[in-house]
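Hello,

Here is the structure I promised to pass on. Have a look at it first, and then read my notes below.

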Amino acid sequence: MGHPFRLASAKIQDAGPRSQPAHGGLTAGAVADSTNDTIGSAVEEQAATSKEMTRNVAAAAVGSGSITKAIAELADAARSTNAGVTETEQAAGQLADLSGELEHRVARFRY
């Protein structure tokens, strides 16, 4: 089975003899051929555009995956930093306690 546009073109060509030019010297077959070529070109351009859009969507998906991974890594780094801050806070509290105890012991030696 042929392409639908080519079949339609063939039917138009068969409808009237090529030797009888229509307005402007064009025959029905010539008009059908020209129309068929135009439609075929448009279909090819549409297919190329669809392929390019598919490539762009695939590239965007890869980019989105990379962004998601980077955000997850950033979240892990933030959790790790938060844990480090908590440990530093605890160490500072312990140091403050030791400082107070040392101050108390030194004060006993003065009197």
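**Salt bridges along the helix**

The side chains of E101 and R105 form a salt bridge, with 2.9 Å from N to O. By salt bridge I mean a side-chain nitrogen of Lys or Arg within 4 Å of a carboxyl oxygen of Asp or Glu. Both E101 and R105 sit in helix 2, four residues apart, which is about one turn of the helix. Helices here are DSSP runs of H or I with at least four residues, strands are runs of E with at least two, and the numbering starts from the N terminus. The classes are buried (under 20% relative accessible area), exposed (over 50%) and partly exposed (in between), with a 1.4 Å probe and protein chains only.

A word on the source: this is a predicted model, where local features need pLDDT of at least 70, side-chain atom pairs count only at pLDDT 80 or more, and totals for chains, interfaces and linings use all residues. Residues are numbered from 1 along each chain as its sequence is written, and side-chain values use heavy atoms, leaving out hydrogens and water.

How many salt bridges does a search of the whole structure find? The search turns up three. Another one joins D76 and R79, at 2.3 Å from N to O. These two residues are also in helix 2, three residues apart, or about one turn. D76 is partly exposed at 43% relative accessibility, whereas R79 is exposed at 52%.

R55 and E52 make a salt bridge as well, at 2.7 Å from N to O. They are three residues apart in helix 2 (residues 28–110), so about one helical turn separates them. E52 is partly exposed, with a relative accessibility of 35%.

As for the protein overall, it has two helices and zero strands. Of its 111 residues, 6% count as buried. Its accessible surface (Shrake-Rupley method, 1.4 Å probe; for residues, only the protein chains shown count as cover) is about 9300 Å², and 61% of that belongs to carbon and sulfur atoms.

Best wishes
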